[in-house]
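Please consult the sequence and the model shown below while reading.

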Amino acid sequence: MPLKIRSLRFSINIKLLFLLLFVTVYSVRAQEIIEDEPTDKQTDKIQEKAVDSTDGFKAVKIDAVAGVVGDYIVLNSDIDKEFLQLQASGVDTKNITRCQIFGKLLENKLYAHQAIQDSILVSDAEVRNSVDYQLQQFLQQVNGEMDRLLRIYKKESEESLREEMFKANKDMMLSQRMQTKVIEEVEITPEEVRQFFNKIPKAERPSFGTELKVAQIVVEPKVSMEEKERIINQLKQFKADVEENGASFRSKVILYGQDPGIKQSGYKYTLNRKKPRMVKEFREAAFALQEGEVSEPFETDFGFHIVYCEKIRGQEYDVSHVLLIPEVSDQAKIDAKETLDKIRQQIIDGDITFAEAAKEVSDDEVTKFDGGQLINPETQDYNFELTRMDPELYSQIQDLKDGQISQVVAEADRSNNLKFKILTVSDRIEDHDADYAKDFLKIKELALNEKKIKAIEDWQAEKIEDTYIKITGGMRDCEFSSNWLKK
């Protein structure tokens, strides 16, 4: 039991994060391009700052093999690249040693190696989609100049760059899925939670900050039937132009489509029947098509669509779509705000309760039948810790007293549709030390995280013994938390 249990949740979460951190490095590269090989100055700097197991510094041979795990190798240059990538993503590496990064790389290779042994599959289509997306992100940072991107990564062709990215992405996905498999069946019983809590000395139990319960009533401006019919007719014209006149569907997507993410995916999505992606209505329309067919217009929460099927490969469908978002009239916006202003005044006057009004008029189907109560996505209960609350939500309720009703707030949803809402703070719990009954879900989370860490440690210990592992050169002087040297 650590000496400072009050920081238990923080330390457990940090440890879990550190266990998973290094498998996402290639994802980080989609946000910040780092040269594939260090420049001469960078090489000198790395050699001067390379941290050894005694927290000192020593020069390293950049391309020497540092270790082998199964069929995978880790080069000294891989460790240096990890340092550069972490620094580029804003991580303070001052207190991260070279041995720690090497240990995490070994763990990632162990996960990837064992994933292959356990026949965990990552389809080439999934990897290609990831590479396509990342390549688009890279190109955005260099103004679309492929030649410049190839110079940065010291590659002769786009094909060779894609090959390297494909291998890195596949290894990353294998590692991630193996880690998920290790902990996905870890569960915890109420008795285990109780034992976990009782082992913590009373004076050292975790403390929780001020928590609020928040409720809302949402009114959305309504799209007129005339506007819906206009959108549907336009999509029908697109469909007819493609089917009857041989027009390019992609040109319709580029010129008229309002899906902000489709350009990044190369103007197509790959759907798999066994792995749900996109909303239900979209999937149903796509999987009903044959190659070359265009769907009838259909509606989702995002707007109206037509879908075009480009290619079918077994369970995988390459599809594109045109999304059109109906426009809401200014009058509809005025009417929605006035409706909510009226409801707010009725609540203040005591003519109706907040919960009754939510059930009667709110357009939020998730909360309207529960008194408008918001559910915390992190804890799945009604309590929001003030210091961890979403900044936008906090700004909307920060000045409210318990039971007070906010003014009408205008907000855009995930589809950029305008909506209006009023909020109230229905309950407030001040700073307090952990209480088993009151804070059961939070304590359960801490106990479950600790159990997951133990499962990962046990799994690693077992697989390290069963896997060919070789640590070479100066890296044998590292003091690992896992038994990589098999002593």
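**Surroundings of D364**

Leaving aside residues up to four places away in sequence, D364 is in contact with Q216 and V218. The model is predicted, and the points below are grouped by topic.

- D364 lies in the loop that runs between α14 (354–361) and β9 (383–385).
- Although D364 is buried, it has no salt bridge.
- The nearest side chain of opposite charge belongs to K419, 6.1 Å away, whereas a salt bridge requires a side-chain nitrogen of Lys or Arg within 4 Å of a carboxyl oxygen of Asp or Glu.
- At 3.1 Å, the side chain of D364 reaches the backbone nitrogen of V366.
- A polar contact of 3.2 Å joins the side chains of D364 and T367.

**Cysteines**

- The count of disulfides comes to 1.
- This disulfide is formed by C99 and C478, whose sulfur atoms are 1.9 Å apart.
- The link of C99 and C478 is left-handed, with -75° about the S-S bond.
- Because C99 lies in helix α5 (residues 98–117) and C478 in the segment after β13 (469–471), the pair ties together parts that are 379 residues apart in sequence.
- Both C99 and C478 are buried.
- C309 is also buried, with a relative accessible area of 0%.

**Helix α9**

- Helix α9 spans residues 190–198, and V193, F196 and F197 are buried in it.
- The buried residues of α9 fall within an arc of 95° when seen down the helix axis, so they line one face of the helix.

Terms used
Residues are numbered from 1 along each chain as its sequence is written. This is a predicted model: local features need pLDDT of at least 70, side-chain atom pairs count only at pLDDT 80 or more; totals for chains, interfaces and linings use all residues. Side-chain values use heavy atoms; hydrogens and water are left out. Buried means under 20% relative accessible area, exposed over 50%, partly exposed in between (1.4 Å probe, protein chains only). Helices (H or I, at least four residues) and strands (E, at least two) are DSSP runs, numbered from the N terminus. The arc is that of the directions from the helix axis to the C-beta atoms. A disulfide is a pair of cysteine sulfur atoms within 2.5 Å. Lys and Arg count as positive and Asp and Glu as negative; His and the chain ends are not counted. A polar contact is a pair of N or O atoms within 3.5 Å; within protein, one must be able to donate a hydrogen and the other to accept it, and residues adjacent in sequence count only if both atoms are side-chain atoms. Contact means heavy atoms within 4.5 Å.
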